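User: I would like to learn how to read features of a protein model. Please take me through them step by step.

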Amino acid sequence: MNSAHRTGALSYPEAGATRLGPMPDGYRHLHHTVRIGRGRAVFEAAGEAVLTWRAHRASGARLRSRARRAEPGARVEVSAGFGPLRITAPCEVVWTVHERVRTGFGYGTLRGHPVRGEESFVIDLRDDGSVWFTVMAFSRPAVWWSRLGGPLVPLMQMAYARRLGRTVCRLAKADTGGDGVVRRQ
């Protein structure tokens with residue numbers, strides 16, 4: 001099942017571009033893909049970790065949402081950092097996908113986010129049985145200090161995408177026990 005939602009509260013006009021492409025001009029683009037395992041059980045465990053926010057939380061980010069799962073229209077606040085250096089990033093889920101070989105979601109930035117744009121987190125089960133995690137994003141600075149951060153902002157975004165990839169891999173392996181049986185859902 002594929003779902004999409006638009007509220008008009010997003011801080012950018014290209015809602016859904018991480019799902020349907022192409023990535024819009026005028027933004028920095030991020031694309032990170034990592035193999036996280038093999039087989040249907042890994043795919044399902046990884047998809048569940050992504051859709052329930054568990055991957056984000058286990059990666060060290062603080063995440064608040066009234067929604068238990070990613071669903072179009074769900075608001076989420078992600079934050080990272082410490083004390084007065086904590087950065088808060090409000091987002092809204094703009095699309096989800098939950099198909100036989102693909103599952104994930106994309107969320108877009110709301111007012112108060114340090115950048116404008118969209119980011120997606122997708123698990124794919126390929127024909128050869130391999131399971132892949134992809135983070136795609138487009139963004140540009142929305143506040144003075146994110147503009148001042150210049151080249152550091154995309155480096156931090158890539159570091160977070162890589163960390164999420166390692167986290168999803170670890171969670172999927174732990175949840176399947178290596179024998180093809182999903183242990184946690």
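Analyst: Start with the naming of elements: helices (H or I, at least four residues) and strands (E, at least two) are DSSP runs, numbered from the N terminus. T167, for instance, lies in helix α5, residues 152-176. This is a predicted model, where local features need pLDDT of at least 70 and side-chain atom pairs count only at pLDDT 80 or more, while totals for chains, interfaces and linings use all residues. Residues are numbered from 1 along each chain as its sequence is written, and side-chain values use heavy atoms, with hydrogens and water left out.

User: Is T167 buried or exposed?

Analyst: Buried means under 20% relative accessible area, exposed means over 50%, and partly exposed is in between (1.4 Å probe, protein chains only). T167 has a relative accessible area of 4%, so T167 is buried.

User: Which residues is T167 in contact with, leaving aside its neighbours within four places in sequence?

Analyst: Contact means heavy atoms within 4.5 Å. With the neighbours within four places in sequence left aside, T167 is in contact with A55, A58 and S59.

User: How do I read a pair of aromatic rings?

Analyst: Such a pair is described by the distance of the centres and the angle of the planes. Rings of Phe, Tyr and Trp (its six-membered ring) pair if their centres lie within 6.5 Å; planes under 30 degrees apart count as stacked, over 60 as edge-to-face and the rest as tilted. The structure holds six aromatic pairs. In one of them, the ring centres of Y12 and F138 are 5.7 Å apart and the planes are at 75°, so this pair is edge-to-face. Y12 is in the loop between β1 (2-4) and α1 (17-20), F138 is in strand β8 (residues 130-141), and the pair links these distant parts of the chain, 126 residues apart. Y12 is buried at 6% relative accessibility, and F138 is buried at 0%.

User: What other ring pairs with F138?

Analyst: Y27 pairs with F138: the centres are 4.9 Å apart and the planes are at 75°, so this pair is also edge-to-face. Here Y27 in the loop between α1 and β2 (28-38) is linked to F138 in strand β8, and the two are 111 residues apart. Y27 has a relative accessible area of 10% and is buried.

User: What lies over the face of Y27?

Analyst: A charge sits over a ring if NZ of Lys or CZ of Arg is within 6 Å of the ring centre and within 35 degrees of the ring normal. R140 lies over the face of Y27, at 4.0 Å from the ring centre.

User: Which residues form an aromatic cluster?

Analyst: One aromatic cluster is formed by W53, F105, Y107 and F121. W53 is in the loop between α2 (40-51) and α3 (54-58), and W53 is buried, with a relative accessible area of 1%.

User: How do I read the backbone?

Analyst: Most residues other than glycine have a negative phi, and most peptide bonds are trans. W53 has a phi near 75°, a positive value in a residue other than glycine. A cis peptide bond joins G21 and P22, with omega about -10°. P22 is in the loop between α1 and β2.

User: How do I read a salt bridge?

Analyst: Side chains of opposite charge can pair when their charged atoms come close. A salt bridge is a side-chain nitrogen of Lys or Arg within 4 Å of a carboxyl oxygen of Asp or Glu. By this rule there are six salt bridges. One of them joins E44 and R40, with the closest N and O atoms 4.0 Å apart. Both residues lie in helix α2, four residues apart, about one turn of the helix. E44 is partly exposed at 37%, and R40 is partly exposed at 33%.

User: Where do E48 and R69 lie?

Analyst: E48 is in helix α2 and R69 is in the loop between β3 (62-64) and β4 (75-80), so the pair ties together parts that are 21 residues apart in sequence. Their salt bridge has its closest N and O atoms 2.8 Å apart. E48 is buried at 19% relative accessibility, whereas R69 is partly exposed at 30%.
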